[in-house]
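Open the model in your viewer and keep the selection tool at hand. The tour goes to a pocket and then to a ligand.

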Amino acid sequence: MEFRRITNLPPYVFTIINNLKIAARQDGVDVVDLGFGNPDIPSPDIAVEKLVEAARNPRNHRYSISRGLPKLREAVAGMYKRNWNVDLDPELQITNTIGAKEGFSHLMWVLLDKGDVAVVPAPSYPIHIYGPLFAGADIRQVPMRSQQNPDDPEQFAKFSEDFFGSLTNACDSENPKPRVLVVSFPHNPTGATVDLPFMQRLVDFCREREMIVVHDFAYADIGFDGYQPPSILQAEGALECAVELYSMTKGFSMAGWRCAFLVGNTSVVQALVKLKSYLDYGIFQPIQIAATVTIDEASGVPKEVCAIYESRRDVLCSGLKKIGWDVPKPRGSMFVWARIPEQYSEMNSVEFCSHLVSECHVALSPGSGFGPGGEGFARFALIENEQRIQQALRNLTLHMRPVH
Ligand SMILES: Cc1ncc(COP(=O)(O)O)c(C=O)c1O
């Protein structure tokens with residue numbers, strides 16, 4: 001049977017590795033799972049306590065408000081002011097979404113139609129590619145290079161020039177002109193990070209071309225070595241052309257709660273509010289209440305969560321270096337993006353990751369799952385603790401081909 005929009009979807013390559021992992025675990029093998037980016041750190045106590053308390057009140061059992069309770073939107077405005085010195089109007093420039101993924105997908109419905117084009121980096125988080133396609137639009141991909149050392153000004157300048165060169169080409173040399181640019185920093189899967197001047201350049205670029213820039217800021221709180229990821233809304237003129245998705249999934253480690261926000265340009269935010277008022281009744285009100293209190297009263301949590309990912313990154317990167325697998329140390333995100341060692345050059349990324357599950361009992365995500373720009377790479381997610389990462393490193397040391 002043919003199904004519109006999904007029949008031609010390629011199989012989700014992450015499922016292949018996940019199934020291998022499940023089968024190995026069923027056979028009693030202890031696979032260290034660094035594949036799926038599913039946070040393992042418990043959500044803050046205050047969130048759980050408030051959820052329980054609010055869930056006991058039957059008044060909170062009814063439909064809620066799709067765009068989020070006023071106090072929740074005020075809490076988000078407060079957080080943006082505290083963290084990024086950005087002023088947002090909670091009434092017009094903030095709406096709640098059911099996670100960033102839902103927010104992004106429906107935003108593409110609002111912004112794009114058949115025949116429109118969105119520019120998306122390659123590689124990308126899969127919904128950044130499929131969201132525009134589900135909306136009936138086409139995508140044009142621009143390469144996102146991995147960064148060896150983003151702190152080195154020369155290397156960073158080269159990264160920026162490459163990116164803006166490809167972006168200019170994608171936007172100015174082909175018709176139709178793109179309506180939307182999708183970006184996300186710290187970047188999943190490459191871990192690439194940028195500074196505020198880079199964000200300013202993005203905003204200027206899109207204003208000049210009357211494009212909307214959508215910044216998925218899922219890793220807003222995950223910056224290492226003193227680096228704080230900038231919000232695109234800090235750039236001058238951003239509110240004319242930019243919107244940003246902030247999620248409680250990573251910084252507050254509240255993945256299952258499905259609580260994120262679209263913030264920024266009033267017309268775009270209000271367009272999504274209108275669409276969502278037809279589609280949903282909002283997230284469960286006790287979750288909204290718990291999220292409000294957590295943002296207001298547990299604002300230190302993201303720093304604690306970030307410190308955990310930072311130590312895991314250190315353990316993983318120095319361990320990989322010791323076995324000769326030299327990977328760049330990312331300055332943000334919860335991923336390490338590793339080129340497949342030359343000793344395995346006959347394998348593509350799915351074959352390589354399948355091999356690692358069966359021979360080394362370590363699950364990674366194959367780079368090709370993030371689009372063609374990801375082939376030749378594998379992604380480590382920092383979602384097991386340091387002891388488990390050490391275990392993965394021991395397994396790789398014992399069972400990988402020597403990669404020196
Ligand atoms: C770039 C990016 N955006 C969005 C998400 C999902 O966020 P949420 O849980 O808010 O839907 C992820 C999760 O891995 C991500 O990497």
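The domain bounds used here come from an automatic or database domain assignment. The model itself is predicted.

Select 13–42 together with 302–399 for domain 1, then 45–297 for domain 2; each of them gives at least three residues to the lining of the largest pocket.

Next, find that pocket. The largest pocket has a volume of about 740 Å³. Select Phe36, Gly37, Lys101, Tyr125 and Lys250: of the 38 lining residues, these are the closest to the centre of the pocket.

Now show the helices and strands. Two or more lining residues come from each of helix 1 (13–26), helix 4 (99–111), helix 5 (126–134), helix 9 (248–251) and strand 11 (365–366). Helix 1 gives the largest share of the lining, 5 residues.

Colour the lining by residue class. What does the lining hold by class? There are 18 nonpolar, 13 polar and 7 charged residues.

Then select the ligand. Around the ligand are 13 residues, and Ala100, Asp216, Tyr219, Ser247 and Thr249 come nearest.

- Asp216: a polar side-chain atom lies 2.6 Å from a nitrogen atom of the ligand.
- Thr249: a polar side-chain atom is 2.6 Å from an oxygen atom of the ligand.
- Lys101: here a polar backbone atom is 2.9 Å from an oxygen atom of the ligand.

How much of the ligand does the protein bury? Taken alone, the ligand exposes 400 Å², and the protein buries 93% of that.

Notes: Residues numbered from 1 in each chain as written. Predicted model: local features only at pLDDT ≥ 70, side-chain atom pairs only at ≥ 80, totals over all residues. Heavy atoms only, no water. 1 Å grid on protein atoms, 1.4 Å probe; cavity = no way out; pocket = protein on both sides within 12 Å on 5 of 7 lines; lining within 4 Å. Points joined across faces, edges and corners; volume = space filled by probe spheres on them. Helix = DSSP H or I, 4+ residues; strand = E, 2+ residues; numbered from the N terminus. Nonpolar A, V, L, I, M, F, W, Y, C, P; charged D, E, K, R; others polar. Near = heavy atom within 4 Å. Polar contact = N/O pair within 3.5 Å; in protein donor to acceptor, adjacent residues only side chain to side chain. Areas by Shrake-Rupley, 256 points an atom, 1.4 Å probe, with all protein chains shown as cover.
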